[in-house]
Amino acid sequence: MKLNRRTVVAGALAAPFLARPGFGQAKGSVLRVIPHADLKNIDPIWTTAYISRNHGYMVYDALFAMDGSLKPQPQMVDKWETSADGKTWTFVLRDGLSFHDGKPVTAADCAASLVRWGKRDAMGQLMFTAVDTVSGRDAKTLEIKLTRPYGLLIDSIAKISSNVPFIMPKAIAETDPFKQIESAVGSGPFIFRKEQWVPGSKVVYEKFKDYVPRKEATSGAAGAKLAKVDRVEWLYIPDPTTCMNALMSGEVDYYEQVPGDLAPILAKAPGVKIEVLDPIGSQGMMRFNHLVGPTNNPLVRRAIMHAVNQKEVLAAAVGNPDYYHECESIYPCGSPLETKAGADLVFPPSIDAAKKLLKEAGYKGEKTVILQPTDIPVSSAFALVVGKACRDIGMNVDVQAMDWSSITSRRAKKDPVDQGGWNMFPTWWIGGDLLNPLSNASLVADPTKAWPGWPTDQKLEDLRAAFAAANGIDAQKKAAADVQRRSIEIGTAVNLGIFFVPVGYRDNVKGMIPSPVQFFWNMEKVSA
Amino acid sequence: MLTFILKRALSTIPVMGVVALTVFLLLRLSPGDPASVIAGDYATAEQIAKIRTQLGLDQPIFIQFAHWLGDLMRGDLGVSIFSNLPVTTLIGQRIEPTLMLALTTIVFSVVVAVPLGVLAAWKAHTWVDRAVMVFAVVGFSVPVFVMGYFLIYGFALGLHWFPVQGYRSPFSEPGQFVSHITLPTLALSAIYIALIARITRASVLEVLEEDYIRTARAKGQAEIKVLLRHALGNAAVPIVTVIGLGVAFLIGGVVVTESVFNIPGLGRLVVDAILKRDYPIIQGLILFFSFLYIALNLVIDIAYTVLDPRIRY
């Protein structure tokens, strides 16, 4: 190009307006992330939203945490012991723990935090049925006294997904658990900058310079939490194509959940990498209503479970076979309690066997209502494919389209289908939520406490209680297998298989942690 | 005139009252429950009930309405159920990007569309006229998100002239503001350029047939003066009406552009709130939009009197 005076002047005038990656943005080590959702509230105990849980991991620390093999490891705790009768547990906090306001973390803070968590979280509530008192014996020693031995105490307080028992200052932790906390003062590796929070757009975290990481290597939620960037910005972008374009242009560094259809494009884009970090994936589920016909008939439920082909469901919902696989276990395949117990009742899928079961059930063409959440593409596809499977075996199916918020209120209805009731709704859970019979909401079979669907089965409840009391991994595996067999017998939900959501990132981003949950410590941006 | 303005200002009160009541009732009677969304999948019916109580959603609808109206009278639009932040704060955070996008779009549209429309009318039934009308049809027909992605692929990812997404404030980063607002403005302007150009053409064409235009030409006035002073001046009322309505539609209807270019404006705020059933935000924003519509209509009515001295209230 020939340079003349006019070109130079035009270039000089245009220069401030031209875009370059990162131009006009804060200097220094800033990790710009597109999170999977918008952070709408900052209380990870008040809500089970995954994005609030991820916020919790940035800001707070926990007593124990799951490592990369999904085994509990001490995190804020230095050492711990249990009494000979298994009813008194003492935990000594490690040195150097302090909150973002500079105050030291005490056992009283931990006790108040556990109590609040125990009032909201399902595993916490169960654990607290065995808890007599939780108190600080001294500033650094937490004591939990039980009314009976509880084998899953450590597993419960080490749980990896919502609600995680994050430790907050006592004054904040004493907030009514049904009311949101107003400030996010934690002792985790990053400080939340509330004044810079723009809901629907931007969340800012800054490195907590006084955080004392553990000495052990980083592993899952456990080990050293090393904040390697000065600042992490969550830039919520609702449109997936815009997310993809922003990553390709280098305006963001990391895209937490890349939709399956965009992954091949990003995989070929220069300077961008695609990877699955979640070792166990997420599990699809079609929940039955046990109170309303025709799904109040166990044989009808079993027939539907037999008719559904996970491969067809996942092909429609996810598309790319690299990102899904079939799994006959209700505990995610690859997780410690994976089992095939009872799977032969409904696997392999068979339309003929399902038709036979439906005939045995005495099904006479009653309308079957499936709720379809059109604003959640994966779940929406689940509803359509399961609906087709039901039609294939001769059922009269009515798939009703609505948004997820409508489903959350509609599914609470216990009325018959012609009065606004329902028979099935689809959803999915990250594997970290389904690791055991206590954290898996679909397995609660006490109708006063159950998730919508309301199965009533004392045997399943007894088996879950037996799991809670089981000591050691072998006993837990056996108890978990018994629970699975019973859950398939009574048909709590259709298992729709496992799918994975890859992350996308610029090739100068390093240090991602393989885990069912997204963490941002250990991540850094290196020079090319 | 002052009496007219006062009367119109007072008439907004019952209109806003009806809007407030309608919005409130529609939201409460439509399916969806924020307490269930908040409680999550593990919650028991008892826990959901506790959250409903905390949020005041267990009270009879008329009591909820009375509380909301009472707060409204004090200028308090309430607090978001999910973020716990005041609705006024949330609107304050989001209003600038939306207003700026609306402003740049309408200014750009007017600057391009009015001359195009006048040109098309002046050269009516020639290739120039047809070219402008073809452009107008294309502008109407291409959805804004298609236009947006087309511009992004061409000018952001291809030529790297502009960023893909985001917003910067003109008050703190004027250069970056221009860089970030250019593509959204171009994408959103297409339809308004088409609309305003067509209306301008039709209005000017009608005026060009009038006796006073013939008289002006007979007096030997320059054609440009005839067009701009006599024709455009007298054709201005319908054009201003369309521009005014365009501004009103822009403020309430930029959600697609805001999504494609990731502009954190009011359109996205209202869509997010509807999906989550965040009642205070939805109510506050719809009231706000209604107020804007009424205010803009008033401004348009006043503009008529300036543009056409025959109009008096």
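Two strands pair if DSSP finds at least two bridges between them.

Now the ground rules. This is a predicted model, so to speak of local features we need pLDDT of at least 70, side-chain atom pairs count only at pLDDT 80 or more, and totals for chains, interfaces and linings use all residues. Residues are numbered from 1 along each chain as its sequence is written, chains are lettered from A and ligands numbered from 1 in written order, and side-chain values use heavy atoms, with hydrogens and water left out.

The sheet, then. Chain A has an open sheet of seven strands, in the order 8-9-10-1-11-19-12, and the pairing is mixed. Which strands sit at the edges? Strand 8 (190-192) and strand 12 (272-275) of chain A, each pairing on one side only. Look inside the order. Strand 11 (residues 254-255) and strand 19 (residues 503-506) of chain A pair antiparallel, over two bridges. There, A:Y254 has A:Y505 of strand 19 as its bridge partner.

Helix 2 (residues 50-59) of chain A lies across strand 8, strand 9 (202-207) and strand 10 (231-235) of chain A. Helix 2 runs at about 170° to strand 10 of chain A. Axes are lines fitted to C-alpha atoms, for helices over the stretch in contact, with angles from 0 to 180 degrees between N-to-C directions.

Next, a helix pair. Helix 14 (residues 458-469) and helix 15 (residues 473-490) of chain A pack at about 165°, axes 9 Å apart. That makes helix 14 of chain A roughly antiparallel to helix 15 of chain A (the term covers angles over 145 degrees). In contact, meaning heavy atoms within 4.5 Å, residues of helix 14 including A:L460, A:L463 and A:F467 meet residues of helix 15, among them A:A480, A:V483 and A:I490. By class, the contact of these two helices has eight nonpolar, two polar and four charged residues.

One disulfide is counted over all chains; the rule is a pair of cysteine sulfur atoms within 2.5 Å. A:C327 and A:C333 form it, sulfurs 2.0 Å apart. The S-S torsion is about 95°, so the disulfide is right-handed.

Last, the backbone. The bond from A:S162 to A:N163 is a cis peptide, omega near -15°. A:N163 is in the loop between helix 5 (153-157) and helix 6 (170-173) of chain A. From A:G293 to A:P294 the peptide bond is cis, omega near 5°.

Conventions: Helix = DSSP H or I, 4+ residues; strand = E, 2+ residues; numbered from the N terminus. Parallel < 35°, antiparallel > 145°, perpendicular 65-115°, else oblique. Nonpolar A, V, L, I, M, F, W, Y, C, P; charged D, E, K, R; others polar.
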